[in-house]
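My entries follow the structure.

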There are 2 protein chains.
Amino acid sequence: MSEVYKALADPTRRRILELLREREMSAGELADQFDLAKPTLSGHFAVLRAADLVQSEKRGTTITYRLNISVLEEALLALMNGFRLGGKGNGS
Amino acid sequence: MSEVYKALADPTRRRILELLREREMSAGELADQFDLAKPTLSGHFAVLRAADLVQSEKRGTTITYRLNISVLEEALLALMNGFRLGGKGNGS
DNA sequence: TCTATATTTTGGTGATTAGCAAAATACGGA
DNA sequence: TCCGTATTTTGCTAATCACCAAAATATAGA
């Protein structure tokens, strides 16, 4: 669970997650959105995978990444609840 | 704003925030809750202050830390909204 | 002014991290 | 099997980070 926070700490990774919110994308497509070398992005993907924030599917020579929205949601809700932050009302 | 995520990435700092949710505490009181040297905690306080997640008030020789709940709440809500995560319904 | 207490600042170390180039892997097609 | 494309792995460097001991700062009280 702590891996989620670590994953979110990096701005590039947050941007990757935002991009994946719109639609799933291949590793190469994602890499094109950044001014970074592909191995660098590949490392970021690995961190996001380790945190289970994204799922990957390999088709042919291409790897498609998809946002694992439930993990992100649970992590943020856990944090909100940990601090008794209800926002729009948490029903308690 | 990005400093908030960095601040939340460390488990010791998250624990400090949880402790401050219960009640405000002095630097020394907080330090006693951890198995870490005081300068280490002092560094964590500085990170939390830089992120504006805590406020400090000096009275005599003692510095009292208090949770800045609104900053934490705004940061988490911003993240939730950024990912269109409503949780219990975001009224849109 | 001297001492004790509370806290931060300084200076240093070891671990982790983000970045890159180059090499390796995996796959599809000729 | 050989080639080209997509992606990851490896090996490295520079920067950041958590941690500590020791020194510095600030305040209260004798």
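I looked up the packing of helix H2 (residues 11-22) of chain A in this predicted model. The buried residues of H2(A) pack against helix H1 (2-8), strand S1 (25-26), H3, H4, strand S2 (54-59) and S3 of chain A.

I then listed those buried residues: they are A:Arg13, A:Ile16, A:Leu17 and A:Leu20. Viewed down the axis of H2(A), they fall within an arc of 95°, so they line one face of the helix. On the face of H2(A) turned away from the buried side I found the exposed residues A:Pro11, A:Glu18 and A:Glu22.

I checked the length of the helix as well. At 1.5 Å a residue, the 12 residues of H2 of chain A should span 16 Å, and the end C-alpha atoms are 17 Å apart, which agrees.

For context, I recorded that chain A has five helices and three strands, in the order α-α-β-α-α-β-β-α along the sequence. Of the 92 residues in chain A, 23% are buried.

Next I turned to DNA strand D, which 21 residues surround. The closest are A:Gly28, A:Pro39, B:Ala37, B:Pro39 and B:Thr40. Two or more residues each come from helix H3 (27-32), helix H4 (38-50) and strand S3 (62-67) of chain A, and from helix H4 (38-50) of chain B. H4(A) gives the largest share, five residues. By type, I counted eight nonpolar, 10 polar and three charged residues on this surface.

Note on methods:
Residues numbered from 1 in each chain as written. Chains lettered and ligands numbered in written order. Predicted model: local features only at pLDDT ≥ 70, side-chain atom pairs only at ≥ 80, totals over all residues. Near = placed C-beta within 6 Å. Helix = DSSP H or I, 4+ residues; strand = E, 2+ residues; numbered from the N terminus. Nonpolar A, V, L, I, M, F, W, Y, C, P; charged D, E, K, R; others polar. Expected span 1.5 Å × (residues − 1). Buried ≥ 20, exposed ≤ 12 C-beta atoms within 10 Å, placed from the backbone. Arc of directions from axis to C-beta. Contact = placed C-beta atoms within 7 Å.
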